[in-house]
Amino acid sequence: MWTRRLMWIVWPAFLAAGVMEMLVFAAFDPHDMLWLGKGIELSRTAIYTLAFFAFWAVFVAAGYLTVLLSISAAEVNAQPSM
């Protein structure tokens, strides 16, 4: 069951991260961005990749919390069958 829930979280988060990546970098050039007051000394591709994984992690965390909060009390308190 957790495998199915994992796919409920990871796949939509992947799609949302892709959309977010397009929206952010349609408006901002990676080489014009600053980090702690200094320019980022990475290639554009590296910045795109790091940003994608950061966006994906945020969306996965949000999806995980949503699924976690949707679990019923009966399922949480159920004894594991052996």
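Contact here means heavy atoms within 4.5 Å. This is a predicted model, where local features need pLDDT of at least 70, side-chain atom pairs count only at pLDDT 80 or more, and totals for chains, interfaces and linings use all residues. Residues are numbered from 1 along each chain as its sequence is written, and side-chain values use heavy atoms, with hydrogens and water left out.

**Stop 1: Glu21**

Select Glu21. Its place is in helix α1, residues 2-27. Helices (H or I, at least four residues) and strands (E, at least two) are DSSP runs, numbered from the N terminus. Now show what surrounds this side chain. Leaving aside neighbours within four places in sequence, Glu21 is in contact with Tyr48, Ala51, Phe52 and Phe55.

Is Glu21 buried or exposed? Glu21 is buried, yet has no salt bridge. Buried means under 20% relative accessible area, exposed over 50%, and partly exposed in between (1.4 Å probe, protein chains only). A salt bridge is a side-chain nitrogen of Lys or Arg within 4 Å of a carboxyl oxygen of Asp or Glu. Draw a distance to Arg44. That is the nearest side chain of opposite charge to Glu21, and it is 11 Å away. For charge, Lys and Arg count as positive and Asp and Glu as negative; His and the chain ends are not counted.

**Stop 2: Arg44 and Asp29**

Stay on Arg44. Which side chain does Arg44 meet in a salt bridge? Asp29 is the partner, at 2.9 Å, N to O. The pair links distant parts of the chain: Arg44 sits in helix α2, Asp29 in the loop between α1 and β1, 15 residues apart. Colour both by accessibility. Arg44 is partly exposed, at 37% relative accessible area. Asp29 is also partly exposed, at 26%.

Side chains of opposite charge can pair when their charged atoms come close. How many salt bridges does the structure hold? It holds 2. Go to Arg5 for the next pair.

**Stop 3: Arg5 and Glu75**

Select Arg5, in helix α1. Arg5 counts as buried because its relative accessibility is 7%. Not counting residues up to four places away in sequence, Arg5 touches Val67, Ile71 and Glu75.

Pick Glu75 from that list. Glu75 forms a salt bridge with Arg5, and the closest N and O atoms are 2.8 Å apart. This pair too links distant parts of the chain: Glu75 is in helix α3 (residues 73-77) and Arg5 in helix α1, 70 residues apart. Glu75 counts as partly exposed, at 38% relative accessibility.

Glu75 and Trp8 are 18 Å apart in space and 67 residues apart in sequence.

**Stop 4**

Step back to Ser72, in the loop between α2 and α3. Ser72 is partly exposed, with 38% relative accessibility. From Ser72 to Val10, the C-alpha distance is 21 Å, across 62 residues of sequence.

Tyr64 lies in helix α2. The C-alpha atoms of Tyr64 and Val10 are separated by 8.8 Å, with the two residues 54 apart along the chain. Tyr64 is partly exposed, with a relative accessible area of 40%.

**Stop 5: Leu36**

Select Leu36, in the loop between β1 and β2 (38-39). Check the backbone. Leu36 has a positive phi of about 55° although it is not a glycine. Leu36 counts as exposed, at 78% relative accessibility.

**Stop 6: the largest pocket**

Rolling a probe the size of a water molecule over the atoms shows where empty space is left. On a 1 Å grid over the protein atoms alone, a cavity is a set of points where a 1.4 Å probe fits but cannot get out, while a pocket is an open set with protein on both sides within 12 Å along at least five of seven lines; lining residues have an atom within 4 Å of a point.

Select Phe25, Met33, Leu34, Trp35, Ile40, Leu42, Ile47, Leu50 and Ala51, which line the largest pocket. Two elements give two or more residues to this lining: β1 (34-35) and α2 (44-70). α2 gives the most, with 3 residues.

How do the lining residues divide? They are 9 nonpolar, no polar and no charged. Ala, Val, Leu, Ile, Met, Phe, Trp, Tyr, Cys and Pro count as nonpolar, Asp, Glu, Lys and Arg as charged, and the others, Gly among them, as polar.

The volume of the largest pocket is about 200 Å³. Grid points are joined across faces, edges and corners, and a volume is the space filled by probe spheres set on the points.
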